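This report describes the pockets and the disulfides of one protein. Please look through the sequence and the structure before reading on.

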Amino acid sequence: MTGLEILIAAAMVVAGPVNNDRSNECLALNMYHEARNQGTAGVLAVSAVVLNRVKDSRFPNTICEVIEEGPTRASWKDPEIRFPIRYKCQFSWYCDGKSDKPENKEKYAYLLKLSAVFSSKKIPFLDITDGAVFYHADYVRPEWAKTKTKTVEIEDHIFYKWAQK
């Protein structure tokens, strides 16, 4: 285990059992779908973006609202029910039309505990992205990246914050 992993494991013990807070589930699902194949730094960085967005007034102010942000359409059966428009979400896994149910139960259980540590606020969250609120995979070049300030590259993601003025 690396020093960072040992610190996180200790924090999991301090945080105690996972509660059933929906925000923990949303954050754990985002970690799972965006960074499950990465190490601790990759998972922390992806989580930092979500938490940084929650604190930024330009984004929704809850974890689930940040992750589920994007345009929606009404159900053809019930106009009161809204569905995300495919491939238009902030986090692509949320609206790609595929099942969001984690297949690797062990990894998801670990990430659920980790998300509880982050939301418990019993230990300070270490933002290794320097305030990033955007990221993308390193194999794509989105047009929006030109208008942002790169902060760091971790594993296979590149992180950005709003452009400096």
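A pocket is found on a 1 Å grid over the protein atoms alone, as an open set of points where a 1.4 Å probe fits, with protein on both sides within 12 Å along at least five of seven lines; its lining residues have an atom within 4 Å of a point. The model is predicted, so local features need pLDDT of at least 70 and side-chain atom pairs count only at pLDDT 80 or more, while totals for chains, interfaces and linings use all residues. Residues are numbered from 1 along each chain as its sequence is written, and side-chain values use heavy atoms, with hydrogens and water left out.

**Pockets**

The lining of the largest pocket consists of 30 residues, and those nearest its centre are His33, Glu34, Phe91, Ser92 and Trp93. Its volume, meaning the space filled by probe spheres set on grid points joined across faces, edges and corners, is about 840 Å³. Helices (H or I, at least four residues) and strands (E, at least two) are DSSP runs, numbered from the N terminus. At least two lining residues of the largest pocket come from each of helix H2 (22-35), helix H3 (40-55) and strand E3 (134-137).

By residue type, Ala, Val, Leu, Ile, Met, Phe, Trp, Tyr, Cys and Pro count as nonpolar, Asp, Glu, Lys and Arg as charged, and the others, Gly among them, as polar. The lining of the largest pocket holds 13 nonpolar, eight polar and nine charged residues.

The second largest pocket contains about 270 Å³ of space. Among its lining residues are Ser23, Leu51, Asn61, Phe118 and Phe125. Two or more of the lining residues come from each of H3 and helix H5 (105-120), and H3 gives the largest share, three residues. This lining divides into six nonpolar, four polar and two charged residues.

**Disulfides**

A disulfide is counted where two cysteine sulfur atoms lie within 2.5 Å. The whole structure has two disulfides, listed here.

| Disulfide | Distance between sulfur atoms |
|---|---|
| Cys26 and Cys64 | 2.0 Å |
| Cys89 and Cys95 | 2.4 Å |

The link of Cys26 and Cys64 is right-handed, with 100° about the S-S bond. Because Cys26 lies in helix H2 and Cys64 in helix H4 (residues 63-67), this pair ties together parts that are 38 residues apart in sequence. Cys26 and Cys64 are both buried (under 20% relative accessible area, with exposed over 50% and partly exposed in between; 1.4 Å probe, protein chains only). Cys89 and Cys95 are buried too. With the bonded cysteines numbered in sequence order, the pairing reads 1-2, 3-4.
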